[in-house]
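Here's a quick briefing for anyone meeting this structure for the first time.

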Amino acid sequence: MNTIMRKSVLSVAGLAFAGGVFAGPVAAHAATPVDAKPAAAAVQVAAPKPQGDQSHITLNDEQTANVKAIIAATKKADLPERAAVISIATSLQESKLENLGHLGDRNDHDSLGLFQQRPSSGWGTPEQITDPDYSTTAFLKGLKQVDGWQDMALTDAAQTVQVSAYPDAYAQWEQQATDLVAQHWNS
């Protein structure tokens with residue numbers, strides 16, 4: 001009886017295996033048209049959530065124009081929206097999106113423009129640094145040199161480019177920068 005039971009189980013298992021081998025590929029091909037192409041899977045990476053408490057300011061026309069200039073320079077550099085978010089958040093921290101000239105005693109060394117870049121540190125001439133397109137392009141060039149910037153926290157990416165005395169300060173602007181890019185990217 002033991003032998004008969006074993007043979008029965010093996011027979012059923014053999015039929016199931018044979019059925020799967022023969023029916024599996026046939027069934028799969030029968031359901032798929034011959035000229036069909038594999039469907040591309042839409043993979044969308046969720047944007048990182050902003051770190052810490054968020055700040056927000058109301059923008060005037062000049063600041064809004066600077067947001068649009070940063071977005072235009074980002075598109076011209078063929079970079080994604082995330083690069084614009086990092087750039088705008090950086091500019092919000094550094095200058096509140098104002099193209100700052102020499103601030104006298106209030107100035108941190110010779111820092112100028114939207115990103116508070118310094119001529120003495122090789123960012124460009126004062127005229128170049130106070131040009132929104134040039135200063136954004138210079139910032140983006142630095143960002144592209146940061147390995148993995150697309151996946152790192154905004155504050156880490158910005159700090160690696162800017163080398164600020166307040167490295168965590170960029171994070172507070174991430175939500176507003178994200179909202180501004182969403183609002184103006186396609187306008």
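What follows is a short tour, going from the overall picture to helix pairs and then to single residues.

Keep in mind that this is a predicted model. The protein has seven helices and zero strands, so, read from the N terminus, the elements simply go α-α-α-α-α-α-α. Of its 187 residues, 33% count as buried. If you look at contacts with a separation of 6 or more, 60% of them come from residues 24 or more positions apart.

Two packed helices are described by the angle between their axes and the distance between the axes.

- The axes of α3 (residues 81-95) and α7 (174-184) come within 8 Å, and they cross at roughly 130°.
- The crossing of α3 past α7 is right-handed.
- On the α3 side, the residues that meet α7 are Glu 81, Arg 82, Ala 84, Val 85, Ile 88, Ala 89 and Leu 92.
- Their partners in α7 are Glu 174, Gln 176, Ala 177, Thr 178, Leu 180 and Val 181.
- Sorted by class, this contact has eight nonpolar, two polar and three charged residues.

**How α2 sits against α3**

- The axes of α2 (residues 61-76) and α3 come within 9 Å and cross at roughly 145°.
- Here too the crossing is right-handed, with α2 passing α3.
- From α2, Val 67, Ile 70, Ile 71 and Thr 74 take part, and they meet Ala 83, Ala 84, Ser 87, Ile 88 and Ser 91 in α3.
- By class, the contact of α2 with α3 has six nonpolar, three polar and no charged residues.
- Ala 84 and Ile 88 are worth a click: they are among the α3 residues that meet α2, and they are also among those that meet α7.
- An α-helix has 3.6 residues a turn, so residues three or four places apart point the same way.

**α6, a mostly covered helix**

- How many of the nine residues of α6 are buried? Seven of them are, so the helix is mostly covered.
- The buried ones are Leu 154, Thr 155, Ala 157, Ala 158, Gln 159, Val 161 and Gln 162.
- The cover over these residues includes α3, α5 (132-144) and α7.
- Just after α6 comes Val 163, with a positive phi of about 55°.

**Two residues with positive phi**

- Val 163 lies in the loop between α6 and α7, and its positive phi occurs in a residue other than glycine.
- Is Val 163 buried or exposed? Its relative accessibility is 63%, over the 50% cut-off, so Val 163 counts as exposed.
- Leu 97 also has a positive phi, near 65°, and is likewise a residue other than glycine.
- You'll find Leu 97 in the loop between α3 and α4.
- Leu 97 has 0% relative accessibility, which is under the 20% cut-off, so this residue counts as buried.

- Gln 172 is in the loop between α6 (154-162) and α7.
- At 23% relative accessible area, Gln 172 falls between the 20% and 50% cut-offs and is therefore partly exposed.
- Leaving aside neighbours within four places in sequence, what is Gln 172 in contact with? The list is Asp 53, Gln 54, Ser 55 and Gln 93.
- With Gln 93, the contact includes a polar one between the two side chains, at 2.9 Å.
- Gln 172 and Leu 154 are 18 residues apart in sequence, while their C-alpha atoms are 9.8 Å apart in space.

- His 184 belongs to helix α7 and is buried, with a relative accessible area of 11%.
- Not counting residues up to four places away in sequence, His 184 touches Thr 64, Val 67, Lys 68 and Ile 71.
- Val 67 and Ile 71 also turn up among the α2 residues that meet α3.
- Gln 116 is in the loop between α3 and α4 (126-129), and its relative accessible area of 14% makes it buried.
- A polar atom of the Gln 116 side chain lies 3.2 Å from the backbone oxygen of Gly 113.

Key: Residues numbered from 1 in each chain as written. Predicted model: local features only at pLDDT ≥ 70, side-chain atom pairs only at ≥ 80, totals over all residues. Heavy atoms only, no water. Helix = DSSP H or I, 4+ residues; strand = E, 2+ residues; numbered from the N terminus. Buried < 20%, exposed > 50% of the residue type's maximum accessible area, 1.4 Å probe, protein only. Contact = heavy atoms within 4.5 Å. Polar contact = N/O pair within 3.5 Å; in protein donor to acceptor, adjacent residues only side chain to side chain. Axes fitted to C-alpha atoms, helices over the stretch in contact; angles between N-to-C directions. Left-handed = near helix turned anticlockwise from the far one by under 90°. Nonpolar A, V, L, I, M, F, W, Y, C, P; charged D, E, K, R; others polar.
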